[in-house]
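Subject: A structure for you to look at

Hi,

Here is the structure I promised to pass on. Have a look at it first, and then read my notes below.

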Amino acid sequence: MSSDKVVIRFSNVKKLYKLFKSDKQRLLSLLSKRVKYAEKWAVDDVSFEIKEGESVAIFGVNGAGKSTVLKMITGVTFPTSGWVDVYGRVSALLELTAGFDSELTGKENIYLKCQLMGMRDQEIKDAEKSIIDFAEIGDYINQPTRTYSSGMLARLGFAINVNTEPEIFIVDEALSTGDSRFQEKCLLRVQEIIAKDHVTLLFVTHNLGTATKFCSRGLVMKDGRIIFDGPISEASQLYEGGSY
Ligand SMILES: Nc1ncnc2c1ncn2[C@@H]1O[C@H](COP(=O)(O)OP(=O)(O)OP(=O)(O)O)[C@@H](O)[C@H]1O
Ligand SMILES: [Mg+2]
C-alpha cells in the first residue's frame, strides 16, 4: 500500500564518470585541464518519484546504471547534475560495510554505522542487542573488524541494516550474503521489513520471480536511461523479452 507522500525524487539526474588511462593521468587532471579522458554517462537524465510504501524493482542489463542510481540515494556518490531528494531513514543492502573502520571492534562499528545513519544514542542502544544476535559472530564482536572473514563482515553489515527500523529499504542483489542458512534468515527478515505499510522498497535484481513477488512497479534501465516505468508484470515482460 502506498500513500501520497513522495520519499524519493530524481529530477533530471545525470552522473558522469571520467575514465582516465591510468591513476597518474587522473591525478594530473587535477592540475591540468589538458589531460584527456573518456566520458561515461552512467545515469543520463533520469527522473522519477517513489511514494511512501511503494515497492519498486529496477531491471536492466549489467552496466545499465542501476547501482549508480541506488548509490545516489544512499549518498555513496553524488549526481553530476540534477537533484536527488530523499526523505526518510535509508537502509541499504549494498556496500554492506561502507563506513566501517577496520581498526574498531564490531561493537564500535555498530555505533559508528548507526550514527552515520542518523540514529540517536538511545536508539542505537535499543538496536544493539538485536544486531549482535542477528549477526551470530560470537566473541568476534569485540575484535577489530580487520580480523573478520568476508562472510562475517557481510553478516555484521547485513545485521545492522535490517535491525535499524528502515523507512526506505534498498536491496541490490545482496541476498546472497553468507551461507545458505544465513541467506534464508536474511530473506525472511527482508519479507518482515517490507510487510510494514510505511516501508518503501527499492529492489535491484535479475531474478524476475523474486521481483514480481515483492514489487508492484518496475523501472527498466538501458544505457543510463529509464525506458519503462509501470506495472511490474509489464516491466518484467519487457526485460525478459530483451527487445528494448
Ligand atoms: N566508479 C566508477 N568509475 C567509472 N565507471 C563506473 C564507476 N561505477 C560505475 N561505472 C560505470 O557506469 C556504468 C553503470 O554502472 P552500474 O554499476 O550502475 O551498473 P549496474 O546496472 O548496476 O550493473 P550490474 O547489473 O552489473 O550491477 C557502467 O558502465 C560502469 O562501468
Ligand atoms: Mg549493479
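Start with the sheet: 6 strands make an open sheet in the order E5-E6-E7-E3-E8-E9, and the pairing is mixed. Strand E5 (90-93) and strand E9 (225-231) are the edges, each pairing on one side only. Going from one strand to the next, the twist averages 15°. Keep in mind that this is a predicted model.

If you'd like one pair to click on, take Val 90, whose bridge partner in E6 is Ile 168.

Next, the inside. The largest nonpolar core has 55 residues, and those touching the most other members are Val 56, Ala 57, Ile 58, Leu 70, Ile 170, Leu 202 and Phe 203. Helix H5 (residues 150-162) gives the most to this core, with 8 residues. Which residues does Leu 202 touch, leaving out those up to four places away in sequence? They are Ile 50, Val 56, Ile 58, Leu 70 and Ile 170.

Now for ligand 1. The residues around it include Tyr 17, Leu 19, Lys 40 and Ala 42, and also Gly 63, Ala 64, Gly 65, Lys 66, Ser 67 and Thr 68. Strand E1 (6-19), strand E2 (38-51) and helix H2 (66-74) each supply at least two residues of this shell. Of the elements, H2 gives the most, with 3 residues. Sorted by class, the shell has 4 nonpolar, 6 polar and 2 charged residues.

Most residues other than glycine have a negative phi. Asn 12 is not a glycine, yet has a positive phi of about 45°. You'll find Asn 12 in strand E1. Is Asn 12 buried or exposed? Asn 12 has 12 other C-beta atoms within 10 Å, so this residue is exposed; the cut-off for that is 12 or fewer.

The other one is Glu 136, again not a glycine, with a positive phi of about 50°. Glu 136 sits in the loop between helix H4 (121-135) and H5. Here the count is 16 other C-beta atoms within 10 Å, so Glu 136 is partly exposed.

Cheers

Technical notes:
Residues are numbered from 1 along each chain as its sequence is written. Chains are lettered from A and ligands numbered from 1 in the order in which they are written. This is a predicted model: local features need pLDDT of at least 70, side-chain atom pairs count only at pLDDT 80 or more; totals for chains, interfaces and linings use all residues. A nonpolar core is a set of buried Ala, Val, Leu, Ile, Met, Phe, Trp, Tyr and Cys residues joined through C-beta atoms within 7 Å. A residue is buried if 20 or more other C-beta atoms lie within 10 Å of its own, exposed if 12 or fewer, and partly exposed in between; C-beta atoms are placed from the backbone. Helices (H or I, at least four residues) and strands (E, at least two) are DSSP runs, numbered from the N terminus. Two residues are in contact if their C-beta atoms, placed from the backbone, lie within 7 Å. Two strands pair if DSSP finds at least two bridges between them. Axes are lines fitted to C-alpha atoms, for helices over the stretch in contact, and angles run from 0 to 180 degrees between N-to-C directions. A residue is near a molecule or strand if its C-beta atom, placed from the backbone, lies within 6 Å of it. Ala, Val, Leu, Ile, Met, Phe, Trp, Tyr, Cys and Pro count as nonpolar, Asp, Glu, Lys and Arg as charged, and the others, Gly among them, as polar.
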